[in-house]
Amino acid sequence: MICCVRTPHPSLVAAWLMAPALRGRPLILGGLAHERASVTTASAEARAQGVVEGMSLNQAQQFAPDAVFQPVDEEATARVRQSLLLTLHHFTPDVAPGEDPGCVFLRLDRLVLRWPDRAQLLAAIGRAIDAAIRVRPAIGVASSMFVSKVAAAHATAAAPVIVEKEKMRDFLARYPIDVLPLDDDLREYLELLGIKTIGRLQAISRPAFRRQFGQKALVVYDLALGDDRRRLRPWRPAVRIEESEPLEPPVDNTQALQFIARALAERVSASLLSQGLGTRAVRITLNQESVPALMIEARFAYPMTTAGELFDGIRPRLLRASIVAPLERITLRAARLEAAYVRQPGLLIRRDGFKESIADAVARLQEEYGPSLVQRAEVNSDAAPLADHRILWKPA
Amino acid sequence: MPDRLQQAITVLQTRFGSAAPRPAAPPCPARPTGIPELDALTGIGGWPVGRLSLLAGPRGSGKRTLAQRSIAAASREGPVAYIDMPGRLDPEFLSHFDARLDHLLVVRPKSIKEAMASVRVLARAGVDFIAIDLPRARSSGLDAELPHLLHRAAEADCTLLLIHDADAEDAIRYYASLILSFQRSAWVFRRDGDLEGLQVDAAVVKNRLAAPGLTSRWIIPYPIP
């Protein structure tokens, strides 16, 4: 089951957090009333007076003369969104931000053991969000992202809407076709045919719908039946793994540099291991005395985790680096982080017998000496009488 | 080792302790060459694992053909690499010997240094068998690289096979555990006049793992396309 958690626009939430007195008052975000800009979002009170998103601020002022106009605080908005996602990430890693800014999806399937009672889980989610951003969310639960989003749009903070799989079709039937992602042409066409609710749309057979509106429109038809094939792409919290060591007195010999780099690699590796992550690139910053800092990057074919692997990658680059002055500081940063579990277990090798260590070695050799150093050959004996045409060489 | 000899050694070891006779070299695992005659000639049943073997001889003596047959046999077991400095590897020839080309990495280095770095890295990464085809010209810098190379190969249980057209240098001869010298004694033709293969005389010039000095003569057939 997928849960859609819907909160007001994060910009609104940010404005309320900074000025709680604005709650319950018509609030319009996008700029000051006299500015030539459009409405980014508006509070429910302003909407009740006819303000909609995208409307010019001038027009919005005419609809809601007593509303408060504010520019959007992008930084605060991003913090609110981050906070919302992080709060939900504590429940499950299967969290994905929705296309609407205040909408987040969670997959609940893995939470059944910990939270056997779904009502308690939804209440806990509501409480956690309230504690984080001072807003009670509306929650909808269904088997697909689309239906859960519709359910959340019609839920209230006090009463979540839960749609069981077998009731999805009936649930959607009563809503107007506007809840579907229709383009203007399709909407107009459907209205001309007198199809104003999803129930009427469901009454048409799939082949007939395809004949009339084409293959592309079938996505809309499937959504009308509750069938949403989009996959929930999990969001990952931003992680920064960096280790740094000041060198006092400044170091000017490679032995000492290697020793320190090894120690830093061990610290970076410990951080990676503790978070179950691997890195595909290590960025080394060498701060030199009275000379601009030197940046070196070591890339890996697979996400690396252990200190030995990291140091093996950075050592040759350190030795080749053109260091012209004693070093004052060395910094190692793990970039391009990935879950370490994507690595190949030692017992499982690819069908062609190549271990990931060999693939990594080949990648390193190619990076150092050029892609044509290590090649693979393919023979197509029927291709041509000339040997050069029968044998295909390509970089490994 | 015959049972009676083993019994005699056991008796001597009981009587004299560390002063008793013992094998000159510990048993070394071997990787089959793919040619039974060659396996017999090496004395240990194939190329020694974790060591360097040298195939020496003039051009046209069949050593590269044998090396490629060994690579084909080894590729059926796991990942292999061919360091092809002269650019003479023929994948089509390998495919006639049922080589698994998806297991084969062909390295084409521009210098000895690149070649040796590639061997070190690949051996460490887990490539089981590496054939190094050196150019005819003098391979400067090889003698300094060989000890590191052999250390890596021994650590990783990687079999190294070196093919050299010219007379191998002293350093290679010193570090190689097995040296096979090849001489072509005759071309073998079919009745219709097509070349069928070559007859070679092979001699074990050096063998640290079994008795040296063995010689053998056999016909290496060329694959019929």
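**Entry 1**

I looked up the bridge partner of A:Leu29 and found A:Thr41, in β3(A). The model is a predicted one, and I read every pairing below as part of that prediction. Strand β2 (residues 27–29) of chain A and β3(A) are antiparallel and are joined by two bridges. I then traced the sheet to which these strands belong: it is open, has three strands in the order β3-β2-β4 (chain A), and its pairing is mixed. The edges are taken by β3 (41–42) and β4 (68–70) of chain A, each of which pairs on one side only.

**Entry 1: five-stranded sheet, chain A**

I next followed a sheet of five strands, also open and of mixed pairing, with the order β5-β6-β1-β7-β8 (chain A). I asked why one side of β5 (95–97) and of β8 (161–162) of chain A is left without a neighbour in the sheet. Both strands stand at the edges with a single partner strand each, so one side of each has no neighbour there. Further in, I examined strand β1 (residues 2–6) of chain A, which pairs with strand β6 (residues 103–107) of chain A in the antiparallel sense over five bridges. Within this pair, I noted A:Val5 opposite A:Val104 of β6(A).

For reference, I recorded that strands of a sheet pair through backbone hydrogen bonds, parallel or antiparallel.

**Entry 2: strand pairing across the chains**

I checked whether pairing extends between the chains and noted that β13(A) is joined by two bridges to strand β5 (residues 104–107) of chain B. The two strands run antiparallel. A:Val374 has B:Val107 of β5(B) opposite.

**Entry 3: interface of chains A and B**

I took the contact count: 22 residues of chain A touch 26 residues of chain B. The area buried between the two chains is about 2100 Å², and carbon and sulfur atoms give 62% of this area. On the chain A side, I find that A:Tyr369, A:Leu373 and A:Trp393 lose the most area to chain B, together 24% of what that side buries.

One salt bridge is counted between chain A and chain B. A:Asp312 and B:Arg124 form a salt bridge in which the closest N and O atoms are 3.2 Å apart.

I asked which elements of chain A give two or more residues to the side that touches chain B. These are α14 (356–369), β13 (374–379) and β14 (391–395) of chain A. The largest share, six residues, comes from α14(A). By class, I recorded 13 nonpolar, three polar and six charged residues on this side of chain A.

**Entry 4: confidence**

I noted an ipTM of 0.80 and a pTM of 0.54 for the model. Chain A has an average pLDDT of 86, with 95% of its residues scoring at least 70. For chain B the mean is 85, and 93% of the residues reach 70 or more.

Over residues 347–352 of chain A, pLDDT stays under 50. The model has twelve contacts beyond four places in sequence for this segment.

Notes: Residues numbered from 1 in each chain as written. Chains lettered and ligands numbered in written order. Predicted model: local features only at pLDDT ≥ 70, side-chain atom pairs only at ≥ 80, totals over all residues. Heavy atoms only, no water. Contact = heavy atoms within 4.5 Å. Buried area = accessible area lost by both parts, 1.4 Å probe. Salt bridge = Lys/Arg side-chain N within 4 Å of Asp/Glu carboxyl O. Helix = DSSP H or I, 4+ residues; strand = E, 2+ residues; numbered from the N terminus. Nonpolar A, V, L, I, M, F, W, Y, C, P; charged D, E, K, R; others polar. Pairing = 2+ DSSP bridges. pLDDT = per-residue confidence, 0-100.
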